[in-house]
Amino acid sequence: MAVLTREERSVVDRPPPVPRKGYSKWARRAPLLPALIFLIIVTQLPFVATLVISFMKWNSLDPANRGFAGFDNYVNVFTDPDLRSSVVNTVVLTASVVIISLVLGLGLALLLDKKFAGRGFVRTMLIAPFLVVPVAAALIWKHVLYNPEYGLFNGILNWLGFDAQPDWISTMPMSAVVLSLVWQWTPFMMLILLAGLQSKPVEPVEAATIDGASSFQVFRYLTFPHLRQYLELGGLLGSIYVVQNFDAVFTITSGGLGTANLPYMIYQTFYQAHEYGEASAAGVIVVAGSMVIATFALRVVSSLFKEEKR
Amino acid sequence: MTAKWVGRGWGVLAWLAGVVFFAPVAWMFLTSLHSETDAATNPPSIAAPLTLDGYAEFFDSGAWPPLINSFSASIGSTIIVLLLAIPAAYALSIKPVEKWTDVLFFFLSTKMMPVVAALLPIYLIAQFSGMLDNISFLTLLYCSMNLPIAVWLMRSFLSEVPKEILEAASIDGAGLLTILRRVVAPIAMPGIAATALICFIFSWNELLFARVLTGVVAGTAPVYLTGFVTSQGLFLAKVCAAAVVVSLPVLIAGFAAQDKLVQGLSLGAVK
């Protein structure tokens with residue numbers, strides 16, 4: 001959609017006709033309203049409630065003591081070392097997963113863009129990790145691959161004649177979580193970047209090759225600038241999904257060993273510690289953080305969208 | 001000559017990468033077919049005899065109710081989402097309302113808010129209305145989770161319906177219903193199918209809401225899987241069998257929607 005050929009553009013080009021007044025205006029709106037109203041009720045109202053609760057003193061185990069707390073919850077959140085480290089963990093986890101899987105995804109997309117025997121089959125193999133249910137994938141990594149006694153990784157080390165049998169999760173918990181997520185998200189990045197590569201106009205590359213440009217120059221000056229918006233899109237969408245990751249942290253380390261991220265921390269504060277006020281304050285902070293990413297993401301999507309409408 | 005060899009080198013590299021990424025999936029399948037004692041050897045026993053014991057044990061240990069819950073929440077929410085999204089997409093593409101881009105971006109922006117921030121109020125609502133551990137409540141939440149994606153996708157599919165054909169049909173005296181059934185539906189059908197598959201996958205995979213809002217009665221398949229988080233001892237074949245069975249619908253839906261998968265995951269931004 002991002003880069004359309006001329007014919008496609010004219011098909012999609014549909015300048016909205018000016019709606020007539022009165023009845024016809026509402027007749028146009030009617031099909032939209034159920035979806036819109038449903039979404040506002042289910043997604044927007046809870047955020048308002050979260051905002052209100054974040055200013056309340058509310059522990060469900062101590063209901064008599066409910067009341068107005070002012071900014072206490074926010075102060076607690078920012079001074080609680082556990083919550084502060086969960087902010088750091090969220091940033092580290094999201095950034096490393098997104099960057100590593102973007103780089104690997106770019107490499108794989110470039111490979112798959114070439115012609116070779118069995119390309120479709122290789123593509124299918126590469127997509128498979130993304131289609132394993134996230135909890136199931138995390139369980140497989142935790143028990144079947146990382147396990148120090150009978151996991152596949154140590155099994156392979158044993159096979160190859162190494163004596164080392166490391167306990168992967170305890171010695172490098174964050175990397176263990178990151179690796180399992182990179183495995184799942186690389187296919188996603190690859191698919192987006194491959195779509196970008198395949199929408200690349202062919203003529204400039206041919207012209208450049210005839211003029212004697214090296215394949216590195218073609219990549220640096222033609223392919224990469226074209227791919228930039230796809231890299232941005234992949235990075236932003238990846239960030240939006242990975243920032244919310246709960247499954248991997250919950251399954252692989254259960255939030256222990258210094259890997260608890262914000263979603264896990266909020267889950268724990270509310271579900272196990274029953275601190276409703278603090279959990280809400282942390283929730284508001286996550287929303288504020290996401291808004292920053294979302295603003296950029298919306299801008300990128302919007303520029304792709306305008307390009308299509310043009 | 002060298003160019004040919006370089007090209008072959010890239011192919012080999014691609015195959016290697018594919019095998020490395022696929023290896024954990026293949027290993028999961030293989031382990032699910034081994035006996036528990038063969039599954040837990042070090043070094044791994046690849047050529048061990050195959051058995052379906054892992055699957056038998058998985059289905060014997062109460063796996064059906066969570067699987068049925070997952071199916072009803074995923075299929076139910078997908079149907080409701082399509083019923084809401086298709087008319088909305090129609091009002092955003094074929095007969096657009098004024099400021100339709102703003103509406104479209106409002107839908108998208110709700111998808112960018114982290115669900116965890118809405119978790120507590122939703123839990124409280126469920127608690128006060130007696131809807132905790134109720135699969136209908138979860139289904140409703142999955143609708144809101146997938147609605148923006150479905151609206152964006154359906155809009156991008158519906159805008160591919162050529163305007164000229166619609167005009168020609170209405171000049172020929174076709175009513176709205178006839179146009180929808182005879183003109184729009186056939187063109188949009190592959191898009192509707194892909195949207196449905198993608199919504200199904202997202203609902204099927206969801207863990208956080210299901211974990212917090214359901215329990216013994218309405219627990220879904222991912223919630224059932226969390227039972228293995230702290231497992232010890234001989235259970236590898238069973239956990240692999242469970243992972244295979246639970247992932248199977250997603251693998252099938254994903255490969256069926258393969259061509260439209262990117263479009264769905266990027267909310268229609270990449271075709």
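1. Chain B has 13 helices and zero strands, where helices (H or I, at least four residues) and strands (E, at least two) are DSSP runs numbered from the N terminus. This is a predicted model, in which local features need pLDDT of at least 70 and side-chain atom pairs count only at pLDDT 80 or more, while totals for chains, interfaces and linings use all residues. Residues are numbered from 1 along each chain as its sequence is written, and chains are lettered from A in the order in which they are written.

2. Buried residues make up 51% of the 271 in chain B; buried here asks for 20 or more other C-beta atoms within 10 Å of a residue's own, with C-beta atoms placed from the backbone. The C-alpha trace of chain B spans about 75 × 70 × 30 Å along its principal axes.

3. Now for the partner chain: 87 residues of chain A are in contact with 85 residues of chain B (contact: C-beta atoms, placed from the backbone, within 7 Å). Helix H15 (residues 276-309) of chain A gives the largest share of its side, 14 residues.

4. In the model, residues 12-30 of chain B are 100% helix, with end C-alpha atoms 24 Å apart. Residues 71-92 of chain B are 100% helix as well, and their end C-alpha atoms lie 30 Å apart.

Note on methods:
Buried ≥ 20, exposed ≤ 12 C-beta atoms within 10 Å, placed from the backbone. Contact = placed C-beta atoms within 7 Å.
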